[in-house]
Amino acid sequence: MMTMTLRSSAGVESQWAVFPGPSKRQPPAALMLLKGETQAYRRALLPMQPSPSKPPLTPSAVSSKEETNLGVFSPFQMLSLTQALKAMLQSCGDQRRNTRITAATGVPRIQSDECRGARPWRLLPWHEVICSAADPSGAGVMTNDPWGQLQGSGSLHSWWQSEICSLERFRSLREKLVLLDEAVAVHDGNVITAILIFLKRTLKREILFQELEVRQVALRHLIHFLKETGEQTLLLDLLRFLDRTEEVALSRYREHLSIQDAEKRREFLKGCIRLPFSSEDAVHVQDHYTLLERQIIIEANDRHLEASGQSEIFRKYPRKASILNMPLVTTLFYSCFYHYTEAEGTFSSPTNLKKTFKIPDKQYVLTALAARAKLRAWHDVDALLTTKNWLGYTKKRAPIGFHRVVEILQRNSAPVQVLQEYVRLVEDVETRLNLAMKYKCHDVVIDTYRDLKDRHQLMAYRCKVERGSAEEDKIDSILSNLQIRWKN
């Protein structure tokens, strides 16, 4: 970087920063202040010192619509400035120089084989030098910084404009970190991810992890990216570095999803039991291993029974799929369907599964009811919903509510006699009447209106039943009963 002092026609001196670098790229939009024939000159020439009556020029101030103390340069003044620049660059060498002015920007470029490896020179506003540097003094500004390379504004601007931009020019660690910080500051997730991929490829893991530890936004982006791409090795190393032991264990546990063979998955889960899970997660991992181990035993036994044809239920209802790697509820349904009557001591017994995995009563009743209703085993349904107290008295009980029992039975084409038994047990009168009318349980509707002593509703319902049916005779018998005190 070099500086030069120019004196305008009014006698005002201004200092300028001269940087080598390509000028094909348009300067940042913040510098495009004016339109017309002087746009290129005013865009290329910004004085270092602002007017004493106005505050120092900052990027935000430049991007505003306010007037600044920018002088209007004519083509003749521009030519004079170019000549002054030529004179200043004489110290770069005595070899022949090739001078031309870029048509797009109007910035003078001077080719020199001796100056900075034959790189072209251009003018850069001093306030942009300050903003491009990592420190306020601008001491760390590199001499071939193309339009704010350290700040990363050139590359980020290219991405925003959907242009191709190479990151290979960012070689030092400081440049890469400033580029990452700028990407985080603009809150663009795609740009952050692209820069993290570049850093992952060009930095050592230890250095990358140390720098990301103090940049939580970028760290979260990288963790999410590694999870999505399945780079488990790097993800585990990163989580171990951050001392996130539980996340390390969970990431390791997720690898079982890629193992298709049941035996290999069981051995993998057995090794996961020793990982540092939380107390709650450790119970789930242990249950997962136990369930898969039991599924392997049940699958081998049932495959043999189905192939031999010794079991009637397998002949009548052939299996459609294996139960290996199935959820616990699916395994319970399978056991209730094929092994409902087995003793509790067997692995395939539904009651054994309920006890081993501590399945709640609601979940067990709901699953077993669906399985036995599908087989139309109504006596098993009745036994499932019948409980006995300590005095030996029996009572119907449904943890899921009898209204749900009725819906499940109706979906499995239960006869009206079975439905009526459980519709009567619905406690809410309005719900009971709605279900009885919906599923044509006439006896339940008639008995409910009788208990409510609602003569009008009973007479209205008489018109809905078939003429000469048993239900009509029952309604007539109730209406003619003089012992009932009707409320209307």
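Just after helix H17, Arg376 takes a positive phi of about 60°.

Residues are numbered from 1 along each chain as its sequence is written, and side-chain values use heavy atoms, with hydrogens and water left out.

First, confidence. The pLDDT is the predictor's confidence in each residue, from 0 to 100. The chain averages 74, and 66% of the residues score at least 70. Over residues 15-152 the pLDDT stays under 50, and for this stretch the model has 249 contacts beyond four places in sequence; a contact means heavy atoms within 4.5 Å. Where pLDDT is low, the predicted coordinates should not be read in detail.

Next, the overall content. The chain has 24 helices and seven strands. Both are DSSP runs numbered from the N terminus, with helices being H or I of at least four residues and strands being E of at least two. Of the 488 residues, 41% count as buried. Buried means under 20% relative accessible area, exposed means over 50%, and partly exposed lies in between, with a 1.4 Å probe and protein chains only. Among contacts between residues at least 6 apart in sequence, 52% join residues at least 24 apart.

Let me now take helix H17, residues 361-374. Its 14 residues should span 20 Å at 1.5 Å a residue, and its end C-alpha atoms are 20 Å apart, which agrees. The expected span is 1.5 Å times one less than the number of residues. Which residues of H17 are buried? They are Tyr364, Val365, Thr367, Ala368, Leu369, Ala371, Arg372 and Ala373. These buried residues pack against helix H15 (328-338), helix H16 (350-357), helix H18 (378-384) and helix H19 (402-411).

Ala371 counts as buried because its relative accessibility is 0%. Leaving aside residues up to four places away in sequence, Ala371 touches Phe333, Cys336 and Phe337. The C-alpha atoms of Ala371 and Tyr338 are separated by 9.1 Å, although the two residues are 33 apart along the chain.

Returning to Arg376, this residue is found in the loop between H17 and H18. Is Arg376 buried or partly exposed? With a relative accessible area of 43%, Arg376 is partly exposed. Its phi is positive in a residue other than glycine. Most residues other than glycine have a negative phi. Lys453 also has a positive phi, near 55°, and is placed in the loop between helix H22 (442-452) and helix H23 (455-462). Lys453 is partly exposed, with a relative accessible area of 38%.

I turn to helix packing. The axes of H15 and H16 come within 8 Å and cross at roughly 155°. Axes are lines fitted to C-alpha atoms, for helices over the stretch in contact, and angles run from 0 to 180 degrees between N-to-C directions. H15 and H16 are therefore roughly antiparallel to each other. Their contact is made by Leu328, Thr331, Leu332, Ser335 and Cys336 of H15, and by Pro350, Leu353 and Phe357 of H16.

Angles under 35 degrees count as roughly parallel, over 145 as roughly antiparallel, 65 to 115 as roughly perpendicular, and the rest as oblique. Here Leu208, Leu212 and Glu213 in H8 meet Gln216, Ala218, Leu219 and Leu222 in H9.

Helix H11, residues 245-254, has Val248, Ala249, Ser251 and Tyr253 as its buried residues. Their cover includes helix H10 (232-241), helix H12 (262-272) and helix H13 (279-308).

Finally, the cysteines. How many disulfides are there? Taking a disulfide as a pair of cysteine sulfur atoms within 2.5 Å, the count comes to zero. Cys441 is buried, with a relative accessible area of 0%, whereas Cys463 is exposed, at 67%.

Conventions:
This is a predicted model: local features need pLDDT of at least 70, side-chain atom pairs count only at pLDDT 80 or more; totals for chains, interfaces and linings use all residues.
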